[in-house]
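Let's take a walk through this structure together, one piece at a time. Have a look at it first, and then we'll start with a pair of strands.

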Amino acid sequence: MTERIMTGLIENAAQLFLLLALAPLVTGVIRTLKARLQTRRGPGIIQPYRDLRKLFRKGMVIPETASWIFAATPWVVFFSTLLAGLMIPMVAAEAPLGLFGGVLAVIYLLGLGRFFLALSGLDSGSSFGGLGSSREMTISALAEPAMMLAIFTVAIGAGSTGLTEIAGAAIGQNWRFLAPAQMFAFAALALVLIAETGRIPVDNPDTHLELTMIHEAMILEYSGPYLALIEWAASIKQLVLMTLLINCFWPIGLQPTWFGCGALQGIGWLLAKLLLLSCAIVLLETVNAKMRLFRVPELLAVAFTLGSLALVSTFLF
Amino acid sequence: MIADLYLSGIVVWLAGAVASLALWRQPAAARRVACGAALAGSLLDLAGSAASIFSGGPTAIGLPFGNPVFVWAVRLDPLSAYFNVTLAVLAAAVSLYSFGYLREMEGRRNLGAFGFFFNLLLLSLALVFTASNAFFFLVAWEVMALSSFILISFEHEKEKTRKAGMLFLIMSHAGTGLLLIAFLVLASAGGSLDFSSFHLLASRMAPLAQGTVFLLFLFGFGVKTGLVPLHIWLPEAHPVAPSNVSALMSGIVIKTGIYGMARVFFDFYGAPPIWMGTVVLGLGVASALLGVLYALMEHDLKRLLAWHSIENIGIILMGFGAALMFRSLGQPNLAALALIAGLYHTFNHAMFKGLLFLGAGSVVQATHTRNMEKMGGLIRRMPMTALCFLVGAVAISGLPPLNGFVSEWLTYQALLAGFGTTQSLTRLMFPIAGSLLALTAALAAACFVKAFAIPFLALPRGAEAAEAREASLPMRAGMAVLAVGCVALGLGATWFVRVFDPITQQALGVRPSSALVMARGWALLPGTAHGGTISTAGIALLFLFAGAAFALPLAMRWRRRSVTGPSWDCGLPGLTADNEYTATAFSKPLRMIFSALYRPRREIQAEYEVSPHYPSAIRFENEIEPAFEKHLYGPLWERIMAAANRMKGIQAGSINLYLTYIFITLILLLLFGVRG
């Protein structure tokens with residue numbers, strides 16, 4: 001028993017470290033690749049680390065209209081995202097915190113963070129914050145049914161909403177992602193991922209153009225360490241969703257456990273798959289322009305249709 | 001012992017009702033007696049029904065004396081006891097709250113009458129949940145309807161309140177009419193009005209009669225629950241009542257319909273045909289989605305909460321519908337899971353909706369308005385109310401680790417497992433219902449960001465909000481009880497599921513709780529072949545640990561480096577309440593996206609004096625179309641009025657004519673009697 005607890009602790013600590021360390025890197029890689037594709041030099045892939053270090057050292061300005069919600073939000077967002085991150089399989093097929101929740105818990109924990117972020121957007125009284133909160137909650141609500149349909153499809157295939165079981169069912173069938181149901185579900189989840197992580201064409205993570213921003217508008221009043229926590233959490237959320245996508249559909253390289261030299265191999269596979277997905281995201285962001293806000297529901301309706309197709313395909317093919 | 005506790009609760013409520021009526025000239029005494037009796041009765045009822053759940057079997061509760069006036073048939077079986085516990089916990093918190101809440105009405109309103117009907121309502125609710133005879137059930141049902149009607153119309157000097165009360169009364173009686181027919185059909189088939197003779201009776205009837213009785217019960221109880229499309233009275237009646245009554249109405253009175261459905265579907269029916277479950281699941285999805293969509297458009301805080309009751313009834317019925325379908329498909333374990341999901345959500349909704357209505361009551365009492373657009377910044381003036389309301393908002397949005405998440409998770413698991421139970425196309429209903437549940441939950445979260453942030457955060461938008469005062473101690477205590485309930489039902493999920501064993505044993509013959517709990521009571525699992533697991537207690541512990549170990553020390557350190565300043569607001573100086581985002585603005589994107597449903601109408605009128613570029617006043621009006629009132633009830637109302645007009649002819653006012661009618665009726669009855 002104590003041995004199981006010990007191994008559990010080690011697994012959790014390792015995945016925690018990986019999440020914290022890798023997330024800014026993914027953001028940096030995406031930014032650099034995007035810059036290169038647009039024939040700019042870009043700030044370099046370790047810029048997000050530098051940003052975080054700088055922000056953690058700075059002081060903060062707290063709006064005088066804000067309440068304790070404003071101070072609690074960065075922590076709630078940060079911890080709920082990390083907790084969600086521990087519930088997904090990254091290197092080993094068994095999620096370290098799989099007992100505490102499966103894919104539904106991951107979605108709802110991210111929802112908890114978003115709920116508080118939206119509250120803090122309205123807390124300062126600035127109308128930009130309210131604008132961001134309103135749009136974020138709208139878009140995430142519309143993304144939800146498509147996400148749930150895709151996840152139902154995957155979970156039906158695996159017979160479980162436990163991510164350990166989902167990844168486990170996919171192991172050994174490295175080419176299963178070519179099945180029509182899997183392809184449709186993947187496409188649906190990929191669209192949801194774009195909407196949830198605030199990427200083009202739904203939102204532009206690089207803009208502070210006042211009237212088009214969504215996520216950035218909510219956190220406009222944050223500064224210093226609190227801003228760092230929120231930015232860090234945002235990149236961890238992006239990493240979590242990307243990992244979820246690749247490991248549910250393409251589990252190649254997932255190791256049976258965290259122990260032994262297989263772990264290094266697993267990390268290598270993870271990095272390679274993340275790089276591939278990042279390239280796809282960069283390509284999508286570069287060839288598309290940001291959509292008008294009221295075109296986004298159409299995009300999410302496409303995602304919902306894809307999800308429904310995925311579901312129907314599970315028993316047609 | 002159980003019977004003694006239960007009966008003493010009834011007696012205390014009765015005594016409280018009579019005593020507070022007798023004390024109507026001394027408002028302070030009437031208030032104390034009414035609330036004290038309500039509280040004591042609730043605690044006694046809680047003790048009795050909790051003991052009954054753990055004793056397992058049904059307890060018949062007789063009176064030690066006969067009486068010629070009414071039938072007394074009361075039986076406390078696990079299902080009744082479960083709803084009684086829900087009632088008792090909510091009623092205890094509301095009574096505690098009422099000690100403070102009613103103080104403001106002293107001298108202005110007749111608190112003696114209020115106390116009478118308040119205690120009578122609790123008494124009739126307990127009897128509705130335990131009646132074991134159709135006649136006695138309907139009597140208790142009517143007493144409940146009439147006392148709720150009077151409590152709803154308590155502030156009767158307002159035209160709107162009177163209209164809402166009448167609408168409630170009419171719809172409620174239409175529902176009772178349907179129930180009466182249904183019970184009579186059952187009684188004529190079974191030869192007795194006793195519930196025990198109805199057991200599995202409905203399934204032995206001919207398919208047509210079976211289906212008709214089912215629909216009569218569904219719509220008869222559906223009126224009371226606010227099932228779409230029978231919901232139109234609910235968002236009118238719940239908000240106009242005093243807030244402690246609103247909490248009871250939304251928390252438990254609408255659950256009498258849920259209780260009735262549970263009793264009929266899982267006691268009177270055996271394995272039903274599959275279409276019945278499909279209808280319930282479909283109506284549940286429709287109620288959930290429409291409820292939350294209309295809630296989003298409200299900026300009246302209490303109306304918003306009332307619409308959410310319709311949404312949550314929908315979620316409960318999704319569980320019930322799935323349970324019925326699993327029963328038809330011969331899957332008792334899955335049926336038990338879905339039934340547990342529905343019943344769990346029933347209790348949860350009583351806790352968080354009661355809490356939210358009590359919170360709204362404190363806010364309305366402090367700001368003298370129900371319009372959110374005139375509130376704001378209350379978190380500083382009313383910190384405790386704000387915290388309790390936040391707990392309720394997180395719980396109702398289904399976010400971990402609170403109770404709403406647990407029951408929604410169970411519902412998802414039941415729906416997910418449903419896909420594999422049949423090969424027909426019906427199975428597509430399960431994942432589609434699941435994805436629409438996801439949409440509902442996410443929209444509810446959006447709605448509660450609005451419902452918490454607009455009244456409680458940022459700057460006050462009105463003078464009264466700026467002067468608001470925190471609720472009194474008993475009011476805060478009442479809210480705190482329910483907030484603790486929300487947390488406990490969330491974190492203690494693995495402990496709480498054991499309560500359902502006697503209920504599922506009685507209804508479906510299975511005891512699933514040992515299959516639902518694993519890892520020494522830390523994690524909950526759905527008990528299906530390879531279900532996922534969830535541990536709300538674990539999530540909460542990790543949050544607490546991380547908060548204590550990292551957040552607090554770091555926040556302390558960072559506070560030395562932080563300064564307070566005006567909101568940056570993109571560099572615009574001078575933030576005022578007029579700049580703030582409003583509730584209407586917050587839901588504007590959804591109003592545009594779902595405009596096909598809302599058909600919003602907007603009117604802007606500007607008045608000019610010199611040039612159209614310098615308007616002197618602008619009037620803005622914005623409303624959405626009430627689809628059901630316009631397209632369903634409007635035409636129905638016209639038909640009824642037209643029919644009534646045509647029937648005016650036979651009611652000419654002449655006494656000779658009426659005597660003829662009586663004579664003809666008598667002859668017909670005699671003929672009928674002779675032939676029969």
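In chain B, strand 6 (residues 601-608) and strand 7 (residues 615-623) run antiparallel, joined by 8 bridges. Strands here are DSSP runs of E with at least two residues, helices are runs of H or I with at least four, and both are numbered from the N terminus. Two strands count as paired if DSSP finds at least two bridges between them. A hairpin of 6 residues links strand 6 of chain B to strand 7 of chain B, and Y608(B) sits opposite P615(B) in strand 7 of chain B.

Before going on, keep in mind that this is a predicted model, where local features need pLDDT of at least 70 and side-chain atom pairs count only at pLDDT 80 or more, while totals for chains, interfaces and linings use all residues. Residues are numbered from 1 along each chain as its sequence is written, with chains lettered from A and ligands numbered from 1 in the order in which they are written.

Now, how do the two chains meet? Strand 1 of chain A runs parallel to strand 5 (residues 562-565) of chain B, with 4 bridges joining them. There, M60(A) stands opposite S562(B).

Zooming out, 62 residues of chain A are in contact with 66 residues of chain B (contact means C-beta atoms, placed from the backbone, within 7 Å). Helix 5 (127-158) of chain A is among the elements supplying at least two residues to that side of chain A, and helix 5 of chain A gives the largest share, 18 residues.

Note on methods: Two residues are in contact if their C-beta atoms, placed from the backbone, lie within 7 Å.
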